[in-house]
Amino acid sequence: MPNGPLIVQSDKSLLLEVDHEQFESARRAIAPFAELERAPEHIHTYRLTPLGLWNARAAGFDAETVVNVLIMYSRYPVPHALLVDIAETMSRYGRLQLLSHPSHGLVLTSTDRAVLAEVLKSQRTKGLVGDRIDDDTVAVHRSERGNLKQALIKLGWPAEDLAGYVDGEKHPITLSGTDPSRGDTPWSMRPYQNHAVENFWAGGSGVVVLPCGAGKTIVGAAAMAKSGTTTLILVTNSVSARQWRDELLRRTSLTEDEIGEYSGTRKEVRPITIATYQVLTTRRKGVYTHLELLDARDWGLIIYDEVHLLPAPIFRMTADLQARRRLGLTATLVREDGREDEVFSLIGPKRFDAPWKDIEAQGYIAPADCCEVRLTLSDADRMTYATAEPEDKYRLAACAPGKVDVVLNLVKKHQGEPTLIIGQYLDQLDELAASLQADVITGQTSVKERQRLYDAFRVGDISTLVVSKVANFSIDLPEASVAIQVSGSFGSRQEEAQRLGRVMRPKQDGRTAHFYTVVTRDTVDQEFAAHRQRFLAEQGYAYTITDAEDV
């Protein structure tokens, strides 16, 4: 009788025993197609979802591979009905294909006439398709390419888009072989970065998932060089836009005159244009006033940085951009709003996903020690919490007064190490900044002041910085080695991953990064913390639990 670490249940949940000697190999094997739901101390619970299986299929995994993994690591015989369901679910991807027809333009074709008949009968596809060409093919309005893919995935029949892309306006770009910011030190692409670009290009469009600090911007630059066309890069904020600009100037043949910034303060349209999501989604009298940027040039490539954060209006705009190559970059494809299927259908399937621990083992990101510090409320605070309205409970727990002393003790423990204190609530951050005599960065801090403080932190003029959620994404602070999280966006898994990512850039001396999350015991703060940690547990990071009194 096999004695593997995996128990496969008929409801599509997978129970993985943490203490088993094969746990790590089993975790890595199922990660490409299963989503972690819960990660308590001894048993991790994964779930098989249609989207996870379709992403695996698009990435080159077939049903036989998935089935063999489950059978190999399962402790008991895998339910036969589940194996059949996996095979049938994965076979749904690709039975419908979007193709470019020499006479009829864009068409939807199927290898299964009944499937085509089913989707054409649905109200979801009305107005998106044209005349039937033959029993297996129907014309598609070019302007509805994205909307049709959205409709089909909702119907459970995701289309494989093989219709190709416009060439776009030519604009040659080459990667430089030296880094002028480091005395022209030679550099080269890392193997996994090359692999990511190759997979993306072979697939046409899609998402590359890499840990924070693993060089997603360089993957974007290499994709630009391969495309050799004008490129529109969409980013989260102005600070991120300037980091992209600086990295492109360091890593490619591009000059300052070739790169434009399209943000709240600048409106430059150049062969390489970096725009913020915020400016694109700005509305005046109900009208998106900057939509003309999408047609300002014949873009050959569109890059979506932090693609998991795409706001809803960008999804709608992207539905009209399906004829252009699209590259999504992210450290985690998790969305708390459940719109991963829209990323799949409109940006593209996951083309490359590097496990964080694999990149760490290669020395490209810092090893990290994660610790949950649990704080017990005083009797008075416990009573206040117990009698509070439900909508007030998280803030009361997250901003528990005792957290200030915990943070002071942790900063003292790591005295002299570059440390970030990260939180959600501004009054809490102001109190911490005052107690630590440290600077604070929030959404109210000007871009110029943020840049000044980030630069001072990078060069070591200040060793402690208090930051709000504005520092969650796209902020490059390579020397940060300690992060202390005091509050967050409820149970957001992607926020937890991004915050750990602030300290994962490899350190020159090879030291381990430390990530602390300070949690109030027996409250919703502790419940949300367990949910937040799910993605990192899936990547192989285990949290040790420490009592606040022991810090």
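How many bridges join strand β2 (residues 13–17) to β4, and which way do the two run? I found five bridges, with β2 and β4 running antiparallel.

**Ground rules**

I'm working with a predicted model, where local features need pLDDT of at least 70, side-chain atom pairs count only at pLDDT 80 or more, and totals for chains, interfaces and linings use all residues. Residues are numbered from 1 along each chain as its sequence is written, and side-chain values use heavy atoms, with hydrogens and water left out.

**The sheet**

I noted that helices (H or I, at least four residues) and strands (E, at least two) are DSSP runs, numbered from the N terminus. Two strands pair if DSSP finds at least two bridges between them. In general, strands of a sheet pair through backbone hydrogen bonds, either parallel or antiparallel.

I traced an open sheet of four strands in the order β1-β2-β4-β3, with antiparallel pairing. Its edge strands are β1 (6–8) and β3 (34–38), each pairing on one side only. From one strand to the next, the twist averages 30°. I also saw that Glu17 stands opposite Ile43 in β4.

Next I checked helix α1 (residues 23–30), which lies across β1, β2, β3 and β4 and runs at about 155° to β2. For such angles, axes are lines fitted to C-alpha atoms (for helices over the stretch in contact), and angles run from 0 to 180 degrees between N-to-C directions.

**Tyr46**

I picked Tyr46 in strand β4 (residues 43–48). Is Tyr46 buried or exposed? Tyr46 counts as buried because its relative accessibility is 0%; buried means under 20% relative accessible area, exposed over 50%, partly exposed in between (1.4 Å probe, protein chains only).

Leaving aside neighbours within four places in sequence, I listed what Tyr46 is in contact with (heavy atoms within 4.5 Å). Among them are Lys12, Leu14, Arg27, Ile30, Leu36 and Glu538. Lys12 is 34 residues from Tyr46 along the chain, yet their C-alpha atoms are separated by 8.4 Å.

**Salt bridges**

In general, side chains of opposite charge can pair when their charged atoms come close. My search used this cut-off: a side-chain nitrogen of Lys or Arg within 4 Å of a carboxyl oxygen of Asp or Glu. The whole structure has 31 salt bridges.

- Lys357 and Glu360 meet at 3.4 Å, N to O. They sit three residues apart in helix α13 (residues 356–361), so about one helical turn separates them.
- Asp525 and Lys403 meet at 2.9 Å, N to O. Asp525 lies in helix α20 (residues 524–532) and Lys403 in helix α16 (residues 402–413), so this pair ties together parts that are 122 residues apart in sequence. Both are buried.
- Arg532 and Glu496 meet at 2.7 Å, N to O. This pair links distant parts of the chain, 36 residues apart, with Arg532 in helix α20 and Glu496 in helix α19 (residues 493–501). Arg532 is buried at 4% relative accessibility, and Glu496 is buried at 1%.

I also spotted a network of salt bridges linking Glu24, Arg27, Arg28 and Asp358.

**Cavities**

On a 1 Å grid over the protein atoms alone, a cavity is a set of points where a 1.4 Å probe fits but cannot get out; lining residues have an atom within 4 Å of a point. I counted three cavities of 30 Å³ or more. The largest has a volume of about 60 Å³, and its lining includes Tyr394, Phe490, Asp525 and Arg532. β26 (513–520) and α20 each supply at least two residues of that lining.

Definitions and conventions. 1 Å grid on protein atoms, 1.4 Å probe; cavity = no way out; pocket = protein on both sides within 12 Å on 5 of 7 lines; lining within 4 Å. Points joined across faces, edges and corners; volume = space filled by probe spheres on them.
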